[in-house]
Amino acid sequence: MNPIPVWLSVVIVSVSMFSEAVAQDLKVDIRRFAFGTPDSVTRDGFTKVTVEDLFTPEKGYGFESVTELRAFDRGGSKVELPGDAYTASVYGAYRTTSDITSAFVEGRGDNTFLVALPDGDYTVWVIACDAAWAPPLFEVWANDEQKLDVQIPRARFVFMESFQAHASGGQLQIELKGRHGWILSGLVIGKEGPELARVVAKLEQDVFFLTKQELTKWKEATYVPENPPLEWA
């Protein structure tokens, strides 16, 4: 049997290493975190994060510091109908909380949330909401750059935005900065692609509209104008 030429061996090894790198890249899971109290609802597929979760390499996620952290639970998922008949007829029901926005962790000082991840670029989705009070204004930083300016003007207002960040040294660091503190309800971290898009689309639907369980309790009403336009004869 003729030996494999050296140049062909190099090509085979290079292709093999490239394939392994691609496969390893595809194996990176979408990391999902729900922040709140030990008893607050944890959305399916999400990891609960409380004020006790200090980052350790063994755990793979957590806060850089657990001082000045507090957690709140606003009572679970809820869809309400406005009290007065006019508002209810014009605007219909509205959501006050969902399983990812009903609870949150609040920080009084600047902090960093760390996640152990292979080096590379990631998309980070930030979810923040308080169903009872208008939360503080704060900033989200990563890689020494301000990524988000979080402005939540009123209670029950849901902030949900994404940014790009780079993990290095086996860690992704998300810095939370605010003169009057910050809040965090959820984080979704992953590589851009169909799976991340699916997870985010489902999350947006459940946060801003209705879950599958809630859909069975509602029916679509056909709009009938009080003064229909005249028909020409």
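Predicted model: local features only at pLDDT ≥ 70, side-chain atom pairs only at ≥ 80, totals over all residues.
Modeller: One definition first: a residue is buried under 20% relative accessible area, exposed over 50%, and partly exposed in between.

Biologist: Which residue forms a salt bridge with Asp206?

Modeller: That's Lys202, and the closest N and O atoms of the pair are 2.6 Å apart. Asp206 and Lys202 are four residues apart in helix α3, so about one helical turn separates them.

Biologist: Which residues are linked with Lys202 and Asp206 in a network?

Modeller: Arg43 and Asp99 join them, and salt bridges tie the four into a network.

Biologist: And how many salt bridges does a search of the whole structure find?

Modeller: Eleven. Another one of interest joins Glu106 to Arg70, again with 2.7 Å from N to O. This pair links distant parts of the chain, since Glu106 is in strand β7 and Arg70 is in strand β4, 36 residues apart. Glu106 is buried at 12% relative accessibility, whereas Arg70 is partly exposed at 36%.

Biologist: You mentioned strands. How do I read a sheet?

Modeller: Strands of a sheet pair through backbone hydrogen bonds, either parallel or antiparallel. So you look for the order of the strands and the sense of each pairing.

Biologist: In what order do the three strands of the sheet with β4 and β7 come?

Modeller: The order is β4-β7-β14, in an open sheet with antiparallel pairing. At the edges are β4 (69-73) and β14 (182-184); each has a single partner strand, so one side of each is left without a neighbour in the sheet. From one strand to the next, the twist averages 25°. Zooming in, β4 and β7 run antiparallel and are joined by five bridges. As an example, Leu69 has Gly107 in β7 as its bridge partner.

Biologist: What is the strand order in the open sheet of five strands?

Modeller: Read it as β2-β1-β15-β9-β12, with mixed pairing. Here the edge strands are β2 (47-49) and β12 (159-167), each pairing on one side only. Neighbouring strands are turned by 25° against each other on average, if you ignore direction. Strand β9 (residues 120-128) pairs with β12 in the antiparallel sense over nine bridges. Find Val126, then look across to β12: its bridge partner there is Glu161.

Biologist: What about the loops? Where is Thr101?

Modeller: Thr101 lies in the loop between β6 (94-97) and β7 (103-107). A polar atom of the Thr101 side chain lies 2.8 Å from the backbone nitrogen of Ser98.

Biologist: And Gly170, in which loop is that?

Modeller: Gly170 is in the loop between β12 and β13 (171-177). This glycine is partly exposed, at 28%. Although Gly170 and Leu117 are 53 residues apart along the chain, 5.2 Å separates their C-alpha atoms.

Biologist: Last one, the surface. Which residues form a nonpolar patch there?

Modeller: Tyr86, Val90 and Tyr91, which together have about 400 Å² of accessible area. Val90 belongs to helix α2 (residues 85-91), and at 44% relative accessibility it counts as partly exposed.

Key
Residues numbered from 1 in each chain as written. Heavy atoms only, no water. Patch = residues over 30% accessible without salt bridge, like charges linked within 9 Å, V, L, I, M, F, W, Y side chains within 5 Å. Areas by Shrake-Rupley, 256 points an atom, 1.4 Å probe, with all protein chains shown as cover. Salt bridge = Lys/Arg side-chain N within 4 Å of Asp/Glu carboxyl O. Helix = DSSP H or I, 4+ residues; strand = E, 2+ residues; numbered from the N terminus. Buried < 20%, exposed > 50% of the residue type's maximum accessible area, 1.4 Å probe, protein only. Pairing = 2+ DSSP bridges. Axes fitted to C-alpha atoms, helices over the stretch in contact; angles between N-to-C directions. Polar contact = N/O pair within 3.5 Å; in protein donor to acceptor, adjacent residues only side chain to side chain.
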